[in-house]
Amino acid sequence: MNKTQITAEAGVPLIIVTRAFDAPRDLVFRAHTDPGLLVRWLGPRDLTLTVERHDPRDGGRWRYVHTDAQGNRYAYHGVFHGDPSPDAIVQTFEYEGAPGQVKLDTTTLEQRGDKTVVRTVSAFASVDQRDAMIASGMERGTHDSGDRLAELLDKLQASRAGREGEDR
């Protein structure tokens, strides 16, 4: 399961994204909540991410902007529900290009041996809204994000191992 799996059952307003990463849960959680790390993996490879706001606490707001090579900007925002933890990161997500179409994302991180399984359930107001998200090309961004996160986690672990070796 080291490749991203996207599930969207017919007639159900959910998208479920699952992927296992070769990294400990605390490091995967940090990558999901540290804005300095988010910009290194979240989104398609050909876009640059800017974190304009990131307040990971109950009621905290976030806003991210992706920019393409031509300077086009794609902004997203939302609110955290509950304090994010490795057990659950719950937040709304609204693409500013389609205002009023808000989804609720719940991400859980489960340690399984030396891997962490990340599962995000995105709940939409309707199947039509869910289908519009799929039609928007979200699969490419989701796959790129998963691959980029795996690469980042490998680098962070190599750096961590190097520092631990120096301490000995």
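**Close-up views of strand pairing and salt bridges**

**View 1. Strands S5 and S6 pair side by side in this predicted model.** The two strands run antiparallel and share two bridges; strands count as paired when DSSP finds at least two bridges between them. Strands (E, at least two residues) and helices (H or I, at least four) are DSSP runs, numbered from the N terminus. Look for Tyr76, whose bridge partner in S6 is Tyr95. A handy reminder for this view: side chains in a regular strand alternate between the two faces of the sheet.

Before moving on, a note on the model: it is predicted, so local features need pLDDT of at least 70 and side-chain atom pairs count only at pLDDT 80 or more, while totals for chains, interfaces and linings use all residues. Residues are numbered from 1 along each chain as its sequence is written, and side-chain values use heavy atoms, with hydrogens and water left out.

**View 2. S4 and S5 form a hairpin.** Seven bridges join these strands in the antiparallel sense, and Trp62 has Gly78 in S5 as its bridge partner. Five residues lie between the two strands, and in the turn you will find Gly71 with a positive phi of about 90°.

**View 3. Lys115 and Asp22 form a salt bridge.** The term covers a side-chain nitrogen of Lys or Arg within 4 Å of a carboxyl oxygen of Asp or Glu, and by this rule the count comes to 13. Here the closest N and O atoms are 2.2 Å apart. Lys115 belongs to strand S8 (residues 115-123) and Asp22 to the loop between strand S2 (14-21) and helix H1 (25-33), so the bridge ties together parts 93 residues apart in sequence. Both partners are partly exposed, Lys115 at 27% relative accessibility and Asp22 at 38%; on this scale buried means under 20% relative accessible area, exposed over 50%, and partly exposed in between (1.4 Å probe, protein chains only).

**View 4. Arg25 meets Asp87 in a salt bridge.** Their closest N and O atoms are 3.2 Å apart. Arg25 sits in helix H1 and Asp87 in the loop between S5 and S6, 62 residues apart. Arg25 is partly exposed at 25%, whereas Asp87 is exposed at 53%.

**View 5. Glu96 and Arg63 belong to a salt-bridge network.** The closest N and O atoms of this pair are 2.7 Å apart. Glu96 lies in the loop between S6 and strand S7 (102-112) and Arg63 in S4, so parts 33 residues apart in sequence are tied together. Glu96 is partly exposed at 30%, but Arg63 is buried at 18%. Through shared partners, Glu52, Arg63, Arg73 and Glu96 are joined into one network.
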